[in-house]
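Biologist: I would like a close look at a single part of this protein, followed by an account of how that part sits within the whole. Please take your time over the side chains.

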Amino acid sequence: MRQEENIMGTQKMSRLILFTGIPLMLSLFINSLYNFVDSMFISRVSEDALTALSLAAPVQMLVSALGLGNAVGLNAVISRALGKRKPDEVRRAADAAIFIALCSWVIIMVLCLFLVRPYFEWQSGGNKVIADHGVRYLTVCMLFSFGQMGQWVFDRFVIASGRSGLFLFTLSAASVTNLILDPIFIFGWFGLPAMGTLGAAMATVIGQIVGMIAGIFINRRWNREIPFGFTFHPDKESVKTILKVGIPSTVVQVLTSFVGILMNSILLAFSTTAVAVYGVCTRIYSVSTVGVHGINNGLIPVIAYNYGAGSRKRISDAVKWAMIYGALLYLLFFAALVFFPAAVLQIFDASQYMLEIGIPALRILAFAWFVGIPGLVIAAALQGLSMGFGSMVITMTRQAVLPLVFAVLLLASGNLNLIWGAFVLAEAVGAPLALWLWRRGFSKVLA
C-alpha cells in the first residue's frame, strides 16, 4: 500500500487528530449552518414560524438517527477492514450501507405520512399558525430525505479511508446550496413567491440532494480504495455488522429526539417563547461545538484502524489528544456565549421577552456543553472500538435520561432557569460514568 494509505497507523498522533479532524470541523461548521441559517431567516418571518422550527427539530433528529446509525456502523466496519487490508470486506460493507440508506428513506416516508400532522397538533399547544408552519416544513424535509440518507453514506466513505479533506467538498456542496437558496425561497427573491417555512424546507432538501450527488462523484473519482455499487441483495453479514455497531447510536438519537419532544412540552408550560429559545440554543450548540464533533468524527476511523492493527498505545494517545483539542476549540465559543449572549440572540431577531429568557439560558447551557466534552470524546472512541453499547449508554445517559429526569424534578420549582440547569447536572453525572466505561472497555478489548 502507498504511504498515504497508512497515515492512520504511522503519523504522530498529535498531528493525525488535527489532520483528520480539521477538515471535518470545517465541514460540520458549514453543515451546522443548515438549521442555523434556516432559523435565522425564519425568525424574520415571525416568532411563530421560529417556534415551529424548534418543534420540528426533535423529529428531524429522529430522521437523522437512521442515517447516523448507518454512518457510524459503516465508518467503524470499513476502517477496520482497511486496517486488516481486506478489500473484499470493504466492498461488501459499502454496498450494504447504500442498501440500508434506501431502507431508511422508505421508513421515513411512511412515518411522515402518518405522524407529522398529529405531532404538530399535539405540540403546538393549539396554535394553528405554528402547526401549519411546522407541517409544511417537516413534510418536505421527510419526504425528500433520500438526499440526506445518501449523503451520510458517501461522506463517511471518505472519512473511513482517512481522506477527510474530501469530506469538506461533499458537505460544502450541500450547505452552500442551502445557504444560497434559503433567502431566495423564504422571502421570494427574483420573482419567486415568498414561501416562508416551506421555502426553508425546499432549500434544505435540494442542498442535501446536491451533497449526495457530489459525494458519489468524489468517491468514484478520488476514493477508489472503497469501491461501491447498489444491490437489492446485500451481504447479510455486512448488514448485520453495520447494524450491530450503528444501532446503539440510532437508539440514542431516537431517545434524544423523544427527550427533545418532552422537553418542549415542559417548556410550553412556561411559554411558546421558551420553546423558541430552546430551539435557538440547539442551533447555537451545533455551531459552537463543531470543534469537538469534528475531532470526534475524525477520531472514530483513527481508533478503528489502530484497533484493527492492534496498536494499544496509539489508541490511548488518540483519545488524550482528542480531549485536549476538543476543549481548546470550544473555549472561544464559550467566551462569546457567556460574555455576549444578547448579541448572539439578536442574530435571531430576539424580542425583549426572548432576551429575558434566552440570556440566562445561553450562559447556563454554554457551561453544560463544556462539561460534556469528555463524554462526547469517549462515546466516539468506544464507537471506534466497535463497542456501540457502551457509547450508547454514555450518550443516552447524558443527553436523554438525566436531562429529562432532572428537568421533571425541577419543574415544580416554577423557575425556568433551573430547567436549563438540568443539563449541567446531567453532564456532571455523565462525565465520570464515561471515564469508567472507557477504562473498562479499553482494558477488555485490548488486554
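Which kind of contact do the side chains of K313 and D317 meet in, and what is the N to O distance?

Modeller: The model is predicted, and every value below should be read with that in mind. The side chains of K313 and D317 meet in a salt bridge, with 2.8 Å from N to O. Both residues belong to helix α12, which covers residues 312–339, and because they are 4 residues apart there, about one helical turn separates them.

K128 counts as exposed, its relative accessibility being 62%. In helix α4, D95 and R91 are also 4 residues apart, about one turn, and they form a salt bridge whose closest N and O atoms lie 2.9 Å from each other.

L113 is exposed, with a relative accessible area of 64%, and together with V106, I107, V110, L111, F114 and L115 it makes a nonpolar surface patch of about 660 Å².

As for the setting of these helices, the protein has 17 helices and 0 strands. Its radius of gyration is 21 Å, close to the 22 Å that the globule rule gives for 447 residues, so the protein is as compact as a globular protein of that length. Taken along the principal axes, the C-alpha atoms fill a box of roughly 60 × 50 × 35 Å. Of the 447 residues, 60% count as buried, and among contacts with a separation of 6 or more, 81% are accounted for by residues 24 or more positions apart. The accessible surface of the protein comes to about 17,600 Å², and carbon and sulfur atoms hold 69% of that area.

Definitions and conventions:
Residues are numbered from 1 along each chain as its sequence is written. This is a predicted model: local features need pLDDT of at least 70, side-chain atom pairs count only at pLDDT 80 or more; totals for chains, interfaces and linings use all residues. Side-chain values use heavy atoms; hydrogens and water are left out. Patches are made of residues with over 30% relative accessible area and no salt bridge: like charges are joined within 9 Å, nonpolar side chains (Val, Leu, Ile, Met, Phe, Trp, Tyr) within 5 Å. Accessible areas come from the Shrake-Rupley method with a 1.4 Å probe; for residues, only the protein chains shown count as cover. A salt bridge is a side-chain nitrogen of Lys or Arg within 4 Å of a carboxyl oxygen of Asp or Glu. Buried means under 20% relative accessible area, exposed over 50%, partly exposed in between (1.4 Å probe, protein chains only). Helices (H or I, at least four residues) and strands (E, at least two) are DSSP runs, numbered from the N terminus. The radius of gyration is taken over C-alpha atoms; the globule rule is 2.2 Å times the number of residues to the power 0.38. Contact means heavy atoms within 4.5 Å.
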